[in-house]
Amino acid sequence: MSRAPRHQFSPPTLITTTEDLAAVCTRLRQHEFVTVDTEFMLIDALAPDLDLTALSDLLADAAVMKVFHAARQDIEIFVLKFGDVPRPLFDTQVAAMVAGFGDQVGYEALVGGLTGGSIDKAHRFSDWAIRPLSPAQIAYAAADVTYLREIYRKLCARLDEDGRLAWVAEEMAILTDPATYRADPSAMWQRLRSRSSSRRYLGMLRAVAAWRELEAQRVNIPRQRVVRDEILLELAATAPTSAEALARTRGLSRGFVEGPMGQGLLAAIEAAKHVPTDALPEAPVDRPGPRPSPALVALLKVLLAAKCEQHHVAARLVASSDDIERLAVEAAPDVPALHGWRLQVFGEAALSLRQGRIALGVDGREVRLVEVPG
C-alpha cells in the first residue's frame, strides 16, 4: 500500500532582532494570507530589545487574512499584548466543524486528512524557554503553521463548493469581537463548576479565579497553565493559609508554592477570608419558569444529531445544551439556533417538532422527519 509523500520544507530561522522581524513582516504583508501560531515562539519573544510593532501592524493589516487553528487562546494573547484582535481572521478548527469534520477536530487529524502529511511530535514536551533552540525544535515548531497553508486552501475550496463560506464568516464575527477576550477577572469564577452553593466558598472561588486571570494576563500564558480548574476548586474548598498547606494541594509544584505565584495566591486567599458576608457572591439561580421535559430535550437532541448528520456539520456548532433546553420550554427563544444558517440547518425543524407539526421516525438505519397530518 502506497503512502502519501512527506512534505519537505525549507529549514526555518528563529527571528531574534527587530530588523529581521520588520523585514519578514514587510514581506508577509505582500501575501493574501499568513498562518499564525503562538504556541512555539518562532518570533523569539525572549530575545532582548525585540520590538514587536511590525508584528502588530501585520496582524492589523486588513488586506492580509490571518489563519489560525483553534484561535481563541492565540487571539487572547494578541489582545492582551496589542490591545486588539487580529483581523480579518480564519479559524480552521471552526471551518472544519462547518465542513463536516466533527466536533473540535484536532490539527493533526486535519494535517493527515487534508494534506496526507504527519507531524513529528518528538519535541512536544521540550522546554521552549531554554536558549538556544535546536534546529530540530525550530523545525518542529514551524510544522504547525506550514501545513496550515494547505489546510486553509483546501477548506476554503470545500466550503466554497458547498456554499458555506458565509457560515464560517458568521463564526469569525464572534472571534473578532474584542469583548470575547476581555474577561472580567472578578467574574471568572462563574465559568467553573462550583462544588458548593455556600457564599463563603463562592467568595473564595471568586478570589482565586480572579488571581489566576490577572496572573495569566501578566505573564501572557493560558490560564490553565497558571493553575488548572480542578486545583482552583480544591483551593476554594481548603483555603490554605501557609506555604506548607499550599504545598499539600495536589498538582502544585514546590517551585510554584515557594515562588512569587505561590505567595500571590496565598495573599488572595487571605484577603478573601476577610470579605464581609454581604459582599460575597450569591449562588447562580436556575432560569425561572417551568423545567424542560427530559424526554423533549432528548428528542430535540436526536433531531439535532440527525439534522447535523444530514448536513455534515458538527452538532456543537449548531446548538448548545442551553439552546436545546430553552427550545423545550419557550415558544420562540432568542437563541443562536434560531438565527442565520443554524435556523436553516436545525432551528426550523426544532420549532416544527416543538409545535407537533413533524415527528421522528426510522427508515432503515437513519432517522427521518415525518410530517404530521393536519
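The lining of the largest cavity divides into five nonpolar, three polar and three charged residues, where Ala, Val, Leu, Ile, Met, Phe, Trp, Tyr, Cys and Pro count as nonpolar, Asp, Glu, Lys and Arg as charged, and the others, Gly among them, as polar. The model is predicted, so that local features need pLDDT of at least 70 and side-chain atom pairs count only at pLDDT 80 or more, while totals for chains, interfaces and linings use all residues. Residues are numbered from 1 along each chain as its sequence is written, and side-chain values use heavy atoms, with hydrogens and water left out.

**Cavity**
- Among the residues lining the largest cavity are Q73, E76, I77 and L80, together with E213, A216 and R223; a lining residue has an atom within 4 Å of a point, on a 1 Å grid over the protein atoms alone, where a 1.4 Å probe fits but cannot get out.
- The largest share of this lining, four residues, comes from α3, and α3 and α8 (199-219) each supply at least two residues, helices being DSSP runs of H or I with at least four residues and strands runs of E with at least two, numbered from the N terminus.

**H69**
- H69 is found in the loop between β2 (65-68) and α3 (72-82), and is buried because its relative accessible area is 13%, the limits being under 20% for buried, over 50% for exposed and partly exposed in between, with a 1.4 Å probe and protein chains only.
- Leaving aside neighbours within four places in sequence, the contacts of H69 include D74, D91, V105, Y107 and L148, contact meaning heavy atoms within 4.5 Å.

Definitions and conventions
1 Å grid on protein atoms, 1.4 Å probe; cavity = no way out; pocket = protein on both sides within 12 Å on 5 of 7 lines; lining within 4 Å.
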